[in-house]
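The sequence and structure come first.

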Amino acid sequence: MEESNSSVRQKIQELKADESNFAATMHVGATLGVIALCIWGLHAYPGSLLVAATTFFAIGFMQYRLVMGVHEARAGILSA
């Protein structure tokens, strides 16, 4: 049991030492991609209530995702 705890602690230290921003960049890119897709949908289907409602919720969730990500990164509690 003690070996597994030290192994987990070692892996946590390795993750903390890794300062790569690749994953974060991909997450922000995916979020902006979803927002861009929503805006394109509104442009491509200007009268569709379904597209408008879906876009409203999708953009809201993506904004929430960005805000929470920035908050966690600023607070230092961002977990991989």
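Which residues of H3 are buried? They are Thr55, Ala58 and Met62, where buried means under 20% relative accessible area, exposed over 50% and partly exposed in between (1.4 Å probe, protein chains only).

## Basis

The model is predicted: local features need pLDDT of at least 70, side-chain atom pairs count only at pLDDT 80 or more, and totals for chains, interfaces and linings use all residues. Residues are numbered from 1 along each chain as its sequence is written, and side-chain values use heavy atoms, with hydrogens and water left out.

## Helix H3

Helix H2 (22-44) is included in what covers the buried residues of H3. Thr55 lies in H3 and counts as buried because its relative accessibility is 6%. Leaving aside residues up to four places away in sequence, Thr55 touches Cys38 and Leu42 (contact: heavy atoms within 4.5 Å).

## Aromatic pairs

There are 2 aromatic pairs, counted for rings of Phe, Tyr and Trp (its six-membered ring) with centres within 6.5 Å; planes under 30 degrees apart are stacked, over 60 edge-to-face and the rest tilted. Trp40 and Tyr45 pair edge-to-face, at 6.3 Å centre to centre and 85° between the planes. Tyr45 is partly exposed, at 47% relative accessible area.

Phe56 and Phe57 also form an edge-to-face pair, with 5.3 Å between centres and 80° between the planes. Phe56 is exposed, with a relative accessible area of 61%.

Key
Helices (H or I, at least four residues) and strands (E, at least two) are DSSP runs, numbered from the N terminus.
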